[in-house]
Structure formats: structure tokens, C-alpha cells
There are 2 protein chains.
Amino acid sequence: MSQTAPSKTEVRASESVAAVAKRAREASRALARLSDERRKAVLLAAAGAIEAGRAQILEANALDCAAAEPSVASGSMSAAMLKRLRLTESGIAGMATHVREVAGLPDPLGRTLMATELDDNLTLFRESCPLGVVGVVFESRPDVVPQVASLALKSGNALILKGGAEATHTNETLVRLWRAALEKLPEVPGDSVQLLHTRADVLELLSLDRDVDLIIPRGSYELVRYIMEHSRIPVLGHGEGICHVYVDRSADMEKALDIAYDAKVQYPAVCNAAETLLVHEDIAAKFLPQAVARLKKAGVEIRADAKTASLLPEEKIVRATEDDWSTEYGDMILAIKIVSDIDSAIDHINRYGSRHTDAIVTEDDAAAGKFMDEVDSAGVFQNASTRFADGFRYGFGAEVGISNSKLHARGPMGLEGLTTYKYKLYGNGHTVAPYAKGEKRFKHRRLDA
Amino acid sequence: MSQTAPSKTEVRASESVAAVAKRAREASRALARLSDERRKAVLLAAAGAIEAGRAQILEANALDCAAAEPSVASGSMSAAMLKRLRLTESGIAGMATHVREVAGLPDPLGRTLMATELDDNLTLFRESCPLGVVGVVFESRPDVVPQVASLALKSGNALILKGGAEATHTNETLVRLWRAALEKLPEVPGDSVQLLHTRADVLELLSLDRDVDLIIPRGSYELVRYIMEHSRIPVLGHGEGICHVYVDRSADMEKALDIAYDAKVQYPAVCNAAETLLVHEDIAAKFLPQAVARLKKAGVEIRADAKTASLLPEEKIVRATEDDWSTEYGDMILAIKIVSDIDSAIDHINRYGSRHTDAIVTEDDAAAGKFMDEVDSAGVFQNASTRFADGFRYGFGAEVGISNSKLHARGPMGLEGLTTYKYKLYGNGHTVAPYAKGEKRFKHRRLDA
């Protein structure tokens with residue numbers, strides 16, 4: 001693409017995001033008609049197309065990586081980002097495997113979620129169905145393309161994708177291969193998966209609330225905030241992950257040491273890693289010296305309140321500021337605070353946390369029950385690391401993302417997050433008038449309970 | 001309140017909507033701890049308080065009605081609106097009855113929605129819980145106060161209400177009585193129900209996404225649009241109800257006549273009344289003369305396409321314009337169109353409808369199946385009037401509102417619409433590291449399926 005003249009892609013795109021969305025809507029109607037068998041066949045064909053197109057994918061990816069290298073050299077792109085961009089043969093094989101795994105998941109559509117006999121020959125069903133059109137705006141990793149496309153198609157949704165500029169060639173190749181696979185299946189519209197090209201496209205997409213049902217941003221906190229602030233369409237995504245481990249007075253010492261360590265150290269860059277450790281004052285003097293020694297040995301920087309610092313005079317611990325309690329480090333840094341009781345721990349979490357996942361370590365089940373009821377987070381764990389908050393670990397088979405919203409889908413979202421339901425009512429000429437007049441009465445007999 | 005000087009209420013309110021929301025958040029934490037027995041007791045106390053406060057409510061209501069009468073005389077308020085505002089002894093008794101009915105509904109909280117053994121001694125539960133703080137902005141009818149307050153408290157949520165200015169005295173009296181009843185129960189915070197006073201309050205409320213979890217607008221289309229456009233908080237409500245009845249070629253004539261009549265005439269002002277009648281061309285010549293005669297006899301004005309008009313030359317039918325297909329009349333007006341096949345009917349509904357409720361009249365179950373799968377609406381009915389789309393008729397016992405959203409709650413919303421869920425994970429010191437290293441494997445055994 002030329003940098004000086006308006007590019008063809010830009011002109012086309014700025015004219016046609018509404019048209020893209022309309023075609024997606026059309027495609028979604030065709031997808032909603034497909035049986036699970038056909039949706040499976042689509043995904044198996046796409047998996048094959050990815051494998052067969054390996055050389056093209058690697059070639060396109062090499063172009064993207066070469067274009068990115070100067071940015072890494074100049075410091076405007078991190079080495080980690082380049083690493084996420086770069087694909088390998090085994091990475092491509094993994095994409096195809098993942099698509100086949102999604103193909104084999106239980107059908108999320110057409111499930112009867114409720115059934116009630118309202119009256120004789122008048123029966124109501126609540127049945128799961130696709131959302132319709134889903135937009136996914138993502139950064140960096142090209143493996144998002146097959147991952148999200150397989151989840152969208154398995155759940156009968158049309159997909160509009162916009163990836164990061166640094167992965168343009170790779171993403172375009174992946175989408176082209178995917179669409180070519182679809183086009184061999186006559187009843188499956190190619191427009192089931194479409195790719196947008198510019199930031200202006202995204203902004204236009206976010207206004208098309210008639211033809212797009214859900215937007216999922218996947219990327220940095222800035223990306224998610226931007227999407228949330230500019231969208232007329234419902235957005236599901238996660239802003240922040242400020243997770244806590246609270247070590248209760250009745251904690252088992254070994255469990256507490258292991259969980260605090262795992263929650264921070266096992267993979268600190270992710271949203272379900274712990275950022276703050278809260279410790280009951282009755283156990284602090286025993287627990288904290290061992291915990292801090294172990295964390296520091298792993299390279300974790302500690303920022304703590306005055307009480308903690310005074311317990312560990314030799315450690316020369318950095319004092320935490322108010323900001324530390326609401327910071328997602330995403331790094332080998334841990335804030336520590338001593339609390340006087342479980343209520344203070346719960347208050348701290350509800351005040352500073354991001355409602356993602358918080359754990360209590362305790363042998364006192366009543367304390368655990370209180371913590372788990374009162375902490376207002378998507379995940380509340382007793383004696384387990386916050387790192388378990390994940391769609392695969394929860395057993396959903398695949399993960400669309402993690403939702404910080406309390407509505408629709410909360411926490412790790414599997415295929416179910418891409419579905420809604422409709423009410424199907426089967427009557428025999430029934431009118432409301434006789435019920436309104438009191439001539440007839442509803443039975444309301446649950447058939448599914 | 002003085003109209004010339006800044007009113008005390010305005011000043012207080014503009015300083016403190018954030019404080020109101022914070023108190024609501026605090027109250028919500030206390031509510032989440034209450035057992036269903038306690039929540040029931042709260043509602044029974046509130047029902048008693050309404051009955052005992054009958055004279056005060058009527059007195060306040062008389063003030064509001066007297067203040068409204070000049071507006072009705074001058075035409076700035078409709079007589080129907082004044083009628084909705086005016087309370088009677090039996091209306092107040094009905095409020096108390098309704099609160100007691102909600103008290104007796106099954107507990108929506110603490111339900112296990114999913115249970116999975118992830119591994120030995122590591123078990124995951126998805127459990128229903130309150131949303132937290134719900135804001136309801138409503139117009140005119142003061143009976144919304146006890147109705148919404150009972151639904152919010154039954155589901156463990158704190159409530160912030162803002163009613164119409166015309167019902168100020170009535171709403172304030174109802175909320176005062178309700179709060180007085182709560183204050184007799186020591187563990188129930190009075191701030192479980194709070195009332196805002198000005199439009200500026202509402203605008204501020206809509207920005208408080210940290211302390212308010214859901215906004216429900218109840219009132220005119222303009223109110224709902226305004227709230228949706230200005231809210232940083234998720235909004236559930238319904239914009240429009242453009243419902244269709246499609247009479248298929250294989251319709252039973254009597255059923256079609258009854259359903260078309262009931263869907264339009266039984267209560268034309270409500271959102272689940274039909275606005276457009278679509279008729280298959282093969283049955284139009286037989287069906288339409290009888291249908292139109294019956295509708296006209298009931299006082300329904302017909303606006304139809306050219307084909308319909310030519311079938312009924314004597315009826316001097318007004319020709320429908322493009323706008324008619326997307327208009328919610330909410331009145332005794334019906335648009336009629338002849339379609340060449342079921343696909344045209346489905347396309348028309350998906351293009352012009354509001355995704356509320358649409359019915360097909362047919363004896364052909366395959367046609368019904370196609371219609372019900374492909375029409376993208378919350379309710380899709382075979383051989384039943386669109387007027388059945390209602391929480392009471394669906395058997396939910398009570399209705400928070402009807403949602404046009406596809407996310408969270410679709411269609412009539414019962415208590416479930418005011419709940420979310422959290423994941424509770426019980427472990428025994430479990431860390432992620434051994435699973436990540438492949439030393440341990442998940443079992444993922446569903447306990448609830």
C-alpha cells in the first residue's frame with residue numbers, strides 16, 4: 001500500500017463497512033440454517049485449507065515480520081510483540097488442530113433452555129440460537145483469526161475481523177484461505193468471515209448497531225477502552241485483571257505459600273495473575289517472611305504497606321502507594337497489605353479490584369463462604385490459584401475471551417457467550433382475549449424442571 | 001419547590017448522586033447476604049406498610065393529580081396519562097398483593113447453573129447471584145415503585161429509582177413508606193431503595209458505571225433512546241415493538257382471522273400488539289376480505305400495499321408508504337402487505353421489524369420451523385397471537401420489562417434478568433503450574449449433566 005496516495009483499500013473500505021456488515025447479516029441468516037454436521041464440515045474444510053496453505057501463510061508472515069523488524073530495532077515495537085507475530089510450521093499445525101477441536105465441541109445451538117406448557121396445546125420453549133454478526137477487533141497474534149473464526153462458525157455467527165496493521169499480510173492470507181474453503185461448500189456464504197483493513201473501518205463498524213450484534217475487543221487495555229467508549233453495539237471484553245490472593249488467619253501455610261507463588265509467578269503477564277496479596281494480621285508474622293523470601297528469590301519486586309515493611313526490616317521493601325492497589329502490573333511485581341480481618345480484605349477487593357478473580361486461602365469454610373458470597377467478582381476461589389480462571393481450565397473447550405461484564409457472559413466465555421436465545425411458542429389458534437377476560441386460565445406447567 | 005431560586009433538592013441532588021450510588025452499593029452488599037427467608041420478610045413488611053399507608057398515598061396522589069389537571073386541560077398531558085397517574089384504594093391493595101406475590105416466587109439466587117469436577121478436590125460451580133445495583137428510570141405510573149422494588153429486593157439488588165415529575169408526591173410517599181418498613185429490620189439497609197429527583201440526577205446516574213450495574217428505562221421510546229445514548233452503564237429496555245402476523249398459504253382460516261384480530265385489537269397500545277399483517281398471495285383473496293371487514297368493524301384503520309388495495313376495491317384503502325412498514329402505531333391502525341412466499345415474509349420482518357415478537361399462522365410445520373428459525377426476533381410464534389409475549393403469560397410470575405437486546409436477557413424479563421452468576425472454585429491448595437507442565441491433567445467431569 002502506498003503511503004502517499006490514498007490507497008485503494010482505504011477508499012474501498014471507507015465506502016463499504018456498512019455493506020460489509022449487511023453482507024455479514026445476510027451470511028448470518030444462512031449460517032443459522034446450517035445443521036451442526038454442516039458447521040462441523042465447514043470447520044474441517046477450513047482446518048485442511050490452513051494446512052494446505054502453510055507455505056502461503058509463512059510467506060505472508062515473513063513479509064509482516066520483515067516489515068516489523070525496523071520497529072523493533074527503533075524500539076516502537078517490543079521484541080515480545082514480534083515474537084507473538086511470528087508463525088512457525090508447528091504454530092500453523094496447531095491452528096488447524098484447534099479448529100478441529102472446536103468442530104468437535106457439543107453443538108451450542110438449538111438447546112432447550114426452558115419449556116413450559118402455558119395451556120392445552122400452547123407450549124413455550126426457550127431455545128439457544130446464534131447472536132448473528134460478531135465483530136472482533138484484535139492485536140498482534142494472527143492465530144486469533146482461525147481461533148475466533150472457528151468459534152463464530154461453530155455457534156452459527158458471521159464474523160467481521162479487524163487485526164493489527166503489523167499482521168496485515170498474515171491475516172489477509174488466513175482469511176483468504178478460510179473463505180476459499182467456505183466457497184467449496186455451496187450453502188455456506190463466503191461472507192461468513194470478512195476482514196476490515198483500517199482504523200476508520202473499525203470506527204464505522206462500531207456505529208452499525210442494526211447489523212452487528214456484539215463486539216469483542218482482544219488486546220491491550222487501551223484498545224478495549226477505546227472500543228467501549230466508541231461503540232453503539234454491546235461490547236464484551238475485559239478491561240483489567242487486578243486479582244487478589246487473601247491469606248486468611250485460618251490458612252494452611254503450605255497452601256498459602258504455593259498459591260501466592262503460583263498466582264504471581266507462574267505467568268505474570270496475564271489477566272488472571274495476582275497483583276495484590278492480602279494477609280490477615282494474625283498470620284502475617286509467620287507467613288510473610290517465608291512468602292516474601294520465596295517470591296523475591298523468583299525475582300518478584302514487592303511493594304507493601306507499612307505493617308508489612310515493619311515485619312520485614314531486612315528486606316528494604318518499597319512502600320506501596322494508593323495507586324499500587326489499583327494497578328495491573330502484568331509483571332513480576334506484587335503489592336502486599338496486612339488486613340485486620342476478613343471484612344477488611346473483602347472491602348479492599350471490592351474497592352480496588354477489577355471483579356475478575358480473587359482467592360481466599362483458608363481452612364475455615366465459613367470464612368470461605370463469606371468471602372465467596374461477598375466478593376463481587378466473576379471468580380471467587382477457595383484454596384486455588386487465581387490462574388485457574390480460564391475457559392480451557394474451566395472445561396469450556398475453547399475461549400472467546402474473558403468478560404468483565406456482569407451481563408450476558410461473566411468470566412471466561414466459551415461458545416455459549418456467542419449465543420442468545422429465542423422464545424418459540426406453539427399454539428393452535430390461541431388468542432389472548434379469553435385469558436384477559438378470565439374465561440381461560442394459564443396452566444404454567446414446567447416441562448423441563 | 002420554588003421555581004425562581006435554585007431548589008434545595010436540586011442542590012442536594014447535584015452534589016450527591018455519586019453518594020447515593022455509593023450507598024446503594026453498600027446496601028447491595030448487605031442484601032446479597034440475606035437469605036430468601038429474610039428477603040421474603042422484607043417484602044411482606046413492605047406490603048403491610050403500603051396497606052397501612054393507604055391514606056398518605058392517596059393524599060400525595062391527590063396532590064399530583066390536582067397539579068396535573070391544568071396540563072390535561074391545556075393539552076400538554078394526555079387524559080390517558082392522568083388516568084395512569086391516578087391511584088385508587090383498590091389500586092393500592094393491588095400493589096400490596098403484587099409485592100406479596102413476588103415475595104412468594106422461587107428464590108432466583110444461589111442456584112447452581114453448572115458444576116464441573118476439574119480434578120480431584122478441585123470443583124467449579126457456576127452460581128446465580130445479584131447484579132448489585134439497578135437503576136430504574138420510569139414515567140407516569142406510580143405502581144412501578146412497589147413493583148420494581150419488590151423484584152429488585154427479591155433478587156438481592158439495591159435499587160435507585162427516578163420517576164416522572166408528575167408523580168413526585170406519590171413516588172416519594174411510596175418510597176418513604178417502603179424505607180420505613182426496611183428500617184424496622186435491622187440487617188436490611190434503608191438505602192436498598194433510593195429515589196432521585198431531577199433530570200440532572202439521571203444524567204449523573206448514567207455515568208456512574210463503577211457503582212451501578214444495570215439501568216432499566218420504562219416509558220416512551222424517547223426516554224429509552226435518551227437513556228441508551230447517554231449511559232456508560234449497560235441498559236436493558238425495549239425501544240420499539242413492531243410485531244408481525246404472517247398468514248401463510250397453509251393457514252387455517254379461522255385461526256388466522258382470530259389471531260390477526262387479537263394481535264391488533266385486544267390491546268393496541270402495547271408493544272406486543274401487531275403493527276403489520278403479511279399475507280401469502282395464494283391465500284390473500286380468500287383471507288383478506290374477511291379479515292379486513294372484521295378489523296374495520298372493530299374500528300381499525302387499514303394501510304395496505306397496492307395488491308391488497310386492488311383485492312378490496314370497495315374498501316377505499318389508504319396506501320401504505322415505506323414508513324408504514326417501520327412504524328409502531330400503538331393504535332388502531334394496521335399495515336397490510338401481500339407477499340409472494342414465506343422468504344419474502346421473513347425478509348420483510350427481519351428488515352422492518354424490531355425483533356420483538358412475530359407470529360406465523362400455518363398448518364405446515366415445516367414452514368413454521370423455517371419461519372421460527374430464520375426470523376431474528378425474541379419471540380417467534382406458530383398459531384398464537386403476538387400478545388402472548390409477556391412475562392406473566394410466559395409464567396415468570398413477574399416482569400421487570402421486555403428486552404430488545406440479544407445479550408443477557410431477551411424478550412420478557414423475569415427475576416432472572418436481575419441476576420448474574422459467579423464462578424466458585426473449591427480447591428485444596430491447587431496451583432496451575434503442574435497442569436501447565438503436563439504433570440497433571442484436568443478431568444473436566446460435569447456433575448450436573
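The buried residues of helix 10 of chain B are B:Lys255, B:Ala256, B:Leu257, B:Ile259, B:Ala260, B:Tyr261, B:Asp262, B:Ala263, B:Lys264 and B:Val265, where buried stands for 20 or more other C-beta atoms within 10 Å of a residue's own, exposed for 12 or fewer and partly exposed for anything in between, with C-beta atoms placed from the backbone. The structure is a predicted model, in which local features need pLDDT of at least 70 and side-chain atom pairs count only at pLDDT 80 or more, while totals for chains, interfaces and linings use all residues. Residues are numbered from 1 along each chain as its sequence is written, and chains are lettered from A and ligands numbered from 1 in the order in which they are written.

**Confidence**

- The predictor gives the complex an ipTM of 0.91 and a pTM of 0.90.
- Chain A has a mean pLDDT of 92, with 96% of its residues at 70 or more; pLDDT is the predictor's confidence in each residue, on a scale from 0 to 100.
- Over residues 1–14 of chain A the pLDDT is below 50, and this stretch has 11 contacts in the model beyond near neighbours in sequence, a contact being two residues whose C-beta atoms, placed from the backbone, lie within 7 Å.
- Where pLDDT is low, the predicted coordinates should not be read in detail.

**Helix 10 of chain B**

- Helix 10 of chain B, residues 253–265, has 13 residues and reaches 18 Å from its first C-alpha to its last, close to the 18 Å expected, the expected span being 1.5 Å times one less than the number of residues.
- This helix is mostly covered, since 10 of its 13 residues are buried; helices (H or I, at least four residues) and strands (E, at least two) are DSSP runs, numbered from the N terminus.

**Strands of chain B**

- Strand 1 (residues 112–119) and strand 2 (residues 122–130) of chain B run antiparallel and are joined by six bridges, two strands being paired if DSSP finds at least two bridges between them.
- These two strands form a hairpin with two residues between them, and B:Asn121 in the turn has a positive phi of about 60°, while B:Ala115 stands opposite B:Phe125 in strand 2 of chain B.
- Strand 2 of chain B also runs antiparallel to strand 16 (residues 419–430) of chain B, to which eight bridges join it, and B:Glu127 has B:Lys422 as its bridge partner in strand 16.

**Relation and contact of the chains**

- Chain A can be laid on chain B with an RMSD of 0.1 Å by a turn of 180° and a shift of 0.0 Å along the axis, the superposition being by least squares on the C-alpha atoms of residues with pLDDT of at least 70 in both copies.
- The two copies are thus related as by a two-fold rotation axis, and in chain A the C-alpha nearest the axis is that of A:His408, 1.8 Å from it.
- The contact takes 60 residues from chain A and 59 residues from chain B, and strand 16 of chain A gives the most to the side of chain A that touches chain B, with 11 residues.
- Because 98% of the interface residues of chain A are also interface residues in chain B, the copies meet through the same surface.
- Strand 13 of chain A pairs with strand 16 of chain B in the parallel sense over five bridges, and A:Gln382 has B:Tyr426 as its bridge partner in strand 16 of chain B.
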